[in-house]
Amino acid sequence: MVAIIRKELADYVTSIRFLGFMLLVTVLSITGLMAAAQGIRAANLPQGIVFLGLFTTAGVQVPIPSLSYLVSLLVPLIGIALGFDAINSERSSGTLSRVLSQPIYRDSVINGKFLAGVVILSIMVGTMLLLVSGYGMRMIGVPPTHEEVIRLFLYFVVTIFYGAFWMGLAILFSILFRRVAASLLFSLALWLFFSIFIMLIAPAIANALVPTAEGVQAEVVRNYELQRTILLFSPNYLFQEATTVILVPLVRTLGMVTSSIQPYWLRNPLSLGQSILVVWPHITGLISLSAVCFAVSYILFMRQEIRAT
Amino acid sequence: MSETLAISAQGLTKRYDGVTVVDHLNLQVKANEVFGLLGPNGAGKTTTILMMLGLTEPAEGSVSVLGFSPTREPLKVKRQVGYLPERVGFYENMTARENLRFIADLNGISYNEANQRTDEVLKMVGLTESEIMEALGPKRKIEKTVGKFSRGMKQRLGIAEVLIKRPRLVFLDEPTAGLDPKGINQLLDLIAALPKAGTTVVLSSHQLYQVQRVCHSIGILAKGKMVIQGAIDKLGREALAGGRFQIEVETENPGEKLIKVIRGLKGVLGVEAKGNVLSISTEADLRRQVSKAVVENNYPLIQMKIQEFSLDDIYMKYFREE
């Protein structure tokens, strides 16, 4: 399996695709830094979580989205780009049967590809976080606290799992479809659905099922809860909620809070343990999603016939 | 030729979606011979090969390849068996050498050893640096990737890849497809030399002439069943002459006397005269006795030949009966 990982890594690193994504990562880091430069002063974050503001503040005068939002949009694309032609391109070029007739277990092919993809993903996300951390520290002059470092690391891990989910999905499509174009289109369609369309559909479904015409508070709450339940099916939404809570310790709950309570809230950050508690279901959800995706691809690949035609 | 079996299959069966592709196939391949697997398209040749490699599981029956079961011990089989698929493909963005090194890596061959073997096999198949330069022109390394290779060069690289693990048994699926006559000859010479180096070859093809040139024995498949199997010369006699030998002798004005003498020889079953040619059917190869009889009776021996059976005849006979 080491041989396959080595070959896949060499393939990725020398490919144009990798170069393009490295460029994208650089642009992303610069954009994030610019957004933070614009908005971090206005955000007026309490002491101890200022450094995290580098990743979460959006531009104020010029609307530049925050780095964490950009990441939530683009990590799936990197994942899809790493996986969409994993199996079917090897099948159509006739290399799969040659590799499988070597003395290796069949699963090492798919394991090796998946692991190599995770390594590349980690390199990209790691590069971005380190770039922003380094230049950001120079820019704002505030070093991270221990807790912030742990939060950032947690963010890194969750992002990798999120990317791994999309890569797993793309690999699954590359096993199911014989043509590279089909697997790419299906992966992109799902990405589009979960990142944009579900945001439009969820309110529509919620309003149809629980109309809020009379403005009764109980109805409004139920409507909101239903909307959120639908949105939570989207891994993109899961990831956004999870990383918001991890990176912005001021967020105390993801549920609905009545306006009568809000004035009594203290504007102080949650401790790390409490933040994790809030998004524990999200994190387990994301991890299990990527695990399920990989498991399904694994089983399908193991059972699939290897015939060239 | 030793009599140990490299492959022995009993009742091998494979079904795809209820359609039986290979139907209770029995197959024996002796060690150190070239075995030709023949049959029309869709007869189940490739499926049979995949089952013997452990890439596809048989629905019924059992195979033993070099003493191992490909279903239960696939790695032990694959370590000693090379496979050249019908549509051979390489990583087109890598050079020939890099492709071979990857395969060596998958076989757990050390880096230095792999380099040495790469040189060795590339030389065997005629794809050394200078030969590639000659075919592609003097270009930079990046432009000498396999993507630039011609069909024939890829096919030769495929053979090199099969040989790099020094296999005891190789499966070649349509190895000559798409090659020019010169390439075919080189490839056949290479294949014919393999048994001497201790490698058994199983060759699937429908190029009968080529198979006849290199194969010691053949098996003909039709609709997933083994129609006939055995050594080529023996098969020809059984199929076409009822197990007899046909000897043709050309002489001058053969008389009744000569025919009588020949008929009297032990093992001769019948003599027919057509002008100057006598065709004699016998139980064994009696060329020596027949020629002696002709000369001793003062007839000139102009030409004598024993009828050879071409694979075409055998093949066509079995498919005419279908």
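Reader: Which helix gives the most to the lining of the largest pocket?

Author: In this predicted model, α1(A) gives the most, contributing 6 residues to that lining. Three helices each supply at least two lining residues: α1 (2-14) of chain A, and α3 (96-106) and α4 (111-125) of chain B.

Reader: What makes a residue part of the lining of the largest pocket, and which residues lie nearest its centre?

Author: A lining residue must have an atom within 4 Å of a point of the pocket. The lining of the largest pocket comprises 21 residues, and those nearest the centre are Lys7(A), Ala10(A), Met94(B), Glu98(B) and Phe102(B). By class, the lining has 8 nonpolar, 6 polar and 7 charged residues. The space in the largest pocket is about 540 Å³.

Reader: Why is α8(A) called roughly antiparallel to α11(A)?

Author: Helix α8 (residues 146-176) of chain A packs against helix α11 (residues 235-247) of chain A at an angle of about 175 degrees, and their axes are 10 Å apart. Angles over 145 degrees count as roughly antiparallel; therefore α8(A) is roughly antiparallel to α11(A).

Reader: How do you know that residues of α8(A) and α11(A) are in contact, and which are they?

Author: Contact requires heavy atoms within 4.5 Å. Among the residues making this contact are Tyr155(A), Tyr162(A) and Trp166(A) of α8(A), together with Phe239(A), Ile246(A) and Leu247(A) of α11(A). The contact of α8(A) with α11(A) has 12 nonpolar, 3 polar and 1 charged residues.

Key:
Residues are numbered from 1 along each chain as its sequence is written. Chains are lettered from A and ligands numbered from 1 in the order in which they are written. This is a predicted model: local features need pLDDT of at least 70, side-chain atom pairs count only at pLDDT 80 or more; totals for chains, interfaces and linings use all residues. Side-chain values use heavy atoms; hydrogens and water are left out. On a 1 Å grid over the protein atoms alone, a cavity is a set of points where a 1.4 Å probe fits but cannot get out, and a pocket is an open set with protein on both sides within 12 Å along at least five of seven lines; lining residues have an atom within 4 Å of a point. Grid points are joined across faces, edges and corners, and a volume is the space filled by probe spheres set on the points. Helices (H or I, at least four residues) and strands (E, at least two) are DSSP runs, numbered from the N terminus. Ala, Val, Leu, Ile, Met, Phe, Trp, Tyr, Cys and Pro count as nonpolar, Asp, Glu, Lys and Arg as charged, and the others, Gly among them, as polar. Axes are lines fitted to C-alpha atoms, for helices over the stretch in contact, and angles run from 0 to 180 degrees between N-to-C directions. Angles under 35 degrees count as roughly parallel, over 145 as roughly antiparallel, 65 to 115 as roughly perpendicular and the rest as oblique.
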